[in-house]
Amino acid sequence: MRSRRCGNRWGNERRSVTHRQKRSNAVMNEETKQTKKARKLSPKRREQNRREFLRSAALATGMVGASLAGLLPLAGGANARLRPPGALKDPLNEQQLFAACIKCGQCVQVCPVEAIKLAELGDGVGIGVPYIDARQQACDFSCDGLQCVLACPTGALTHELNYPADSRMGFARLSRPGACLAVKGEGFQGPARGPDYHGLLRYDEVDRWNPIPVSEYPYDLELCDLCMRQCPIEIRISQCEAGKPPSGDSNQCPPKRAISLQPLEGGVPGAKVPVVEEGCVGCGVCEMICPVTPAAIVIDIDKVAGS
Amino acid sequence: MGYFVTSIKQLLGLKPDRPGRSEQSPRVRVIFEEKRKTRLDPERLREVEEAHAHTRDRHKWRNRRWATLILVNLLFVVSYYFDVQLVEGAMTASRVVGFHFADLNSALQVMLAFKHVVLNLVIGTVTVFILWWLLGGRTFCSWVCPYHLLAEAAEALHLRLARRGWARDYAFHRGVRAVFYAIFILLALVTGYTVYETISPTGIVSRAIIYGVGGAMGWVAALLLFEVFVSRRAWCRYVCPIGVTYGLVGSISPLRVQYDVKSCHHEGECRKVCLVPHVLDVTIRERATERTTDIAADCTRCGLCVDICPTDSLKFVYKGLDRML
């Protein structure tokens, strides 16, 4: 009783409607407690309890429903994307990756070309999981040491991977041969993606340690071979052939070629066709650098070398 | 043991104990007897409160807490933008000057969904467990969680609107949070996906601060609107499993808020500002059974009650340490 009196006495106008209500609930509760032996709730109190229960059930249903809605994008693989090297997945089954990823973005922070982004709410349970939009900025392995893999605290990017050539992100495909400049026998002059493109690549001959904007590196090619020329695997192969493997580590030398330009029979004289080889890791640099729009060569994420 | 049991009960959403007079210790009985004889008149109490409202310490803990919360979250941002590598990652997992840290609830979800634990995650989880065991468990909520700060702003707005009758505060059964906790554990285990992370405002806000705002902030905005117009602090009070995880840690933590019944006027200001007012039910007249009571682990150690108490009846204590000093 005392506390009830107390409540009324200090119940000044600062208290909100809801507070007053709550207080009166508390008071009532106290009263019922005092006649607790009878164990009978007043009809009003019982009605309040019933409403509280229904509200709570509605809240539970709503929240669990909202979180389960996160599973919807999985249907039809709507949230399947190009993932960073070492991502735990079978080509289209990303369950392991989504489960293991703690959505912290440490991989994002260490990437020297800022290729990695975190998925948004539209990806449902894939929210916060890293992905790469190759056309915008591909992984060119310019960190050499697979920094994102090393940064991952949960093994969602598996540490079993040591060298760029070990990764299996996807597989390149010449999707629009008719648009390919090499197939048309054409050359290319100027910055590959135009002057306003923000993507970065590492050009060893410019700066071994820092990637530079692609827009600052104009090309002058008799026959466009950008996809092969900029392929990180192909670059490593030629370095190794020249006796200068990256970081002086011959383990960095890729065992298989990733892409080659083959003569095109029946085409324009001098025309060649890019052929994706077994060593392709699906990093996406070819898709990124391809000067035609949309790109003539793209990465398929449902396929990897050896599959 | 009593503290642990009380804490677990409250985390499960059970009503706090309502001990009768017979359970009061003789000493407390004397204190209440004394209080009955010398009732403080309202005018005098108002004076005490007024005087306290103008002291320098009125917002001491709140200011310290806000400063800490903002600093910690800023450290993430600064580390990324200026590449100083102090706190890399986000609230869910990070590297603090190179040492692995993993949010306990996120780590739990990952372990349950992935069913495989790498050493780095174990290191990060144990480190963070020890950290919050030393610091009070749900201290994480009020001192670090970025959503908490947004929710505090929404709460201020809610109180303002509620005073005018423009917003309601529908209460839910607190047990629903324990139900959520069980459901999210089961969902991670059964589906193999970290289902909770999809709607976790802590993760979403933390990533938004560090990596840029995206559509997921729409969900957070919806939650905040719900808290402003429908139910005060609904997420933290009735839903968040992160709070439960850290509450469990707090139930064995030595850092607590302690209540001293002797000087208390039982006017209930502390319960009005509290995020989890049920933990302060002991401050209701005649409820205390001992001279001092440690506030149970659902308490986020935010210090709002310590700040507002005009008689210093609530204060931070560190079990074991205060006796040593």
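Reader: Where in β2(B) is the bridge partner of Gly89(B)?

Author: Gly89(B) has Ser94(B) as its bridge partner in β2(B). Keep in mind that this is a predicted model.

Reader: How do you know that β1(B) and β2(B) pair?

Author: Count the bridges: there are four between β1(B) and β2(B), in the antiparallel sense. Two strands pair if there are at least two bridges between them, so these two qualify.

Reader: And what makes β2 of chain B and β3 of chain B a pair?

Author: Strand β2 (residues 93-96) and strand β3 (residues 99-102) of chain B also have four bridges, again antiparallel. At least two are needed, so the call stands. As one example, Ala93(B) sits opposite Ala102(B) in β3(B).

Reader: What do β2(B) and β3(B) form, and what sits between them?

Author: They form a hairpin, and two residues lie between the strands. Val97(B), in the turn, has a positive phi of about 35°.

Reader: What is the order of the strands in the open sheet? And why do β1 and β3 of chain B stand at the edges?

Author: The three strands run in the order β1-β2-β3 (chain B), with antiparallel pairing. β1 (87-90) and β3 of chain B each have a single partner strand, so one side of each has no neighbour in the sheet, and that puts them at the edges. On average, neighbouring strands are turned by 15° against each other, direction ignored.

Reader: Which helix packs on the sheet?

Author: Helix α6 (residues 119-135) of chain B, which touches β2 and β3 of chain B. The direction of this helix makes about 75° with that of β3(B).

Reader: On to Val28(B). Why is Val28(B) called buried?

Author: There are 22 other C-beta atoms within 10 Å of Val28(B). The cut-off is 20 or more, so the residue counts as buried. Val28(B) belongs to helix α2 (residues 26-37) of chain B. Beyond its neighbours within four places in sequence, its contacts are Val261(B), Ala288(B), Thr289(B), Glu290(B) and Arg291(B).

Reader: How is chain B divided into domain 1 and domain 2?

Author: Domain 1 is 2-60 + 255-324 and domain 2 is 62-248. Their C-alpha centres lie 27 Å apart, and 19 residues of domain 1 of chain B are in contact with 23 residues of domain 2 of chain B. On the domain 1 side, β4 (255-260) and α15 (304-308) of chain B are the elements that give two or more residues. That side has nine nonpolar, five polar and five charged residues.

Reader: What makes Cys148(A) and Cys305(B) stand out in the largest nonpolar core?

Author: Of the 165 residues in that core, these two touch the most other members. Helix α5 (residues 104-114) of chain B is the top contributor, with eight residues. Each of domain 1 (2-60 + 255-324) and domain 2 (62-248) of chain B supplies at least three residues. Leaving out residues up to four places away in sequence, Cys148(A) touches Pro84(A), Pro85(A), Cys107(A), Val110(A), Cys111(A), Ile116(A) and Leu157(A).

Reader: How many residues does the contact take from chain B and from chain A?

Author: Chain B gives 61 residues and chain A gives 45 residues.

Terms used
Residues numbered from 1 in each chain as written. Chains lettered and ligands numbered in written order. Predicted model: local features only at pLDDT ≥ 70, side-chain atom pairs only at ≥ 80, totals over all residues. Contact = placed C-beta atoms within 7 Å. Buried ≥ 20, exposed ≤ 12 C-beta atoms within 10 Å, placed from the backbone. Axes fitted to C-alpha atoms, helices over the stretch in contact; angles between N-to-C directions. Domains from an automatic or database assignment. Nonpolar A, V, L, I, M, F, W, Y, C, P; charged D, E, K, R; others polar. Core = buried A, V, L, I, M, F, W, Y, C linked by C-beta atoms within 7 Å.
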